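I opened this notebook to keep track of what I look up. My entries follow below.

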Amino acid sequence: MMQNIQFIQAKNNEISCIFNGIHLHSSYNPTKEAENYVSGLNPDFNPLVIIITEPALSYCLKPLKERFPKAKMGVIRFSNTFNEYNYGWDFVVQINEIQSLITKLGEDLLLSTYFISWQASNKAFPKEYEETWNEIKKVLKTSQDILATRAYFSNRWIKNALRFCVYTKNTYVLKPGNFPIIIAASGPSLKDS
């Protein structure tokens with residue numbers, strides 16, 4: 001997919017790159033470009049997690065960590081081409097793994113996440129950009145649904161847990177060892193057991 005990527009030396013001697021004629025970073029000063037990008041971010045909440053879509057050479061990581069020191073930093077990669085620049089990020093997700101954010105972060109953290117895009121990558125990879133944001137919307141919708149379900153059923157779940165404890169007849173304390181354990185939950189299929 002990324003055969004047309006070209007790595008070049010910027011005027012300040014940093015590495016920059018071009019994909020299909022689109023500069024993914026400044027050809028003069030990629031670090032300054034990243035600092036300006038991060039200083040222009042204006043989240044209307046205090047994010048616990050920040051996820052950026054395809055930051056290419058990851059120049060934005062350092063200024064993001066400086067501006068949001070308590071937030072976890074993640075990246076969604078459009079391809080494996082920039083994987084050698086994954087160091088320093090708290091987590092990296094490939095474009096086909098976006099649904100895994102629910103298990104990586106949980107629905108609470110996902111709904112406290114500030115999602116941003118590296119603008120040059122949006123122009124260079126419009127198909128991947130659109131697909132990524134569609135998947136992000138699905139993940140956030142799923143997280144909202146999970147939280148709504150939890151809120152709706154939480155009292156019932158707590159009452160059931162207490163009721164199970166009250167009506168427990170036989171309990172066992174397990175001793176440490178190397179043997180398989182089977183845990184059975186209540187339900188209509190267990191009635192005869």
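**Entry 1: a serine in a loop**

I started with Ser26, whose side chain reaches the backbone nitrogen of Asn29 at 3.0 Å. The side chain of Ser26 also reaches the backbone nitrogen of Tyr28, at 2.9 Å. I count a polar contact as a pair of N or O atoms within 3.5 Å; within protein, one must be able to donate a hydrogen and the other to accept it, and residues adjacent in sequence count only if both atoms are side-chain atoms.

I noted the ground rules next. This is a predicted model, in which local features need pLDDT of at least 70 and side-chain atom pairs count only at pLDDT 80 or more, while totals for chains, interfaces and linings use all residues. Residues are numbered from 1 along each chain as its sequence is written, and side-chain values use heavy atoms, with hydrogens and water left out.

Where is Ser26 found? I found Ser26 in the loop between β3 (22-23) and α1 (30-39). Helices (H or I, at least four residues) and strands (E, at least two) are DSSP runs, numbered from the N terminus. Is Ser26 buried or exposed? Ser26 counts as buried because its relative accessibility is 17%; buried means under 20% relative accessible area, exposed over 50%, and partly exposed in between (1.4 Å probe, protein chains only). Leaving aside neighbours within four places in sequence, Ser26 is in contact (heavy atoms within 4.5 Å) with Ala10, Ser16 and Glu33.

**Entry 2: two positive phi angles**

I looked up Asn20, which has a positive phi of about 50° although it is not a glycine. Asn20 lies in the loop between β2 (15-19) and β3. I list Asn20 as partly exposed, because its relative accessible area is 47%.

Glu54 is not a glycine either, and has a positive phi of about 30°. I placed Glu54 in the loop between β4 and α2 (61-67). Glu54 is buried, with a relative accessible area of 0%.

**Entry 3: a lysine in α2**

Lys65 is in helix α2. At 36% relative accessible area, Lys65 is partly exposed. Which residues does Lys65 touch, not counting those up to four places away in sequence? They are Met73 and Gly88. A polar atom of the Lys65 side chain lies 2.8 Å from the backbone oxygen of Gly88. I also checked Trp89: its C-alpha atom is separated from that of Lys65 by 9.6 Å, and the two residues are 24 apart along the chain.

I turned to α3 (residues 101-110), where Leu101, Ile102, Leu105, Gly106, Glu107 and Leu110 are buried. What covers them includes β4 (49-53), β5 (72-77), β6 (91-94), β7 (113-117) and α5. Glu107 is buried because its relative accessible area is 14%. Not counting residues up to four places away in sequence, Glu107 touches Ile102, Ser143, Ile146, Leu147 and Arg150.

In soluble globular proteins, nonpolar side chains tend to be buried together. I looked for a nonpolar core, a set of buried Ala, Val, Leu, Ile, Met, Phe, Trp, Tyr and Cys residues joined through side-chain atoms within 4.5 Å. The largest one has 45 residues, of which Leu24, Leu64 and Leu101 touch the most other members. Beyond its neighbours within four places in sequence, Leu24 has contacts including Ile5, Phe19, Phe82 and Trp118.

**Entry 4: an isoleucine after α5**

I ended with Ile181, in the segment after α5 (126-166). Ile181 is exposed, because its relative accessible area is 52%.
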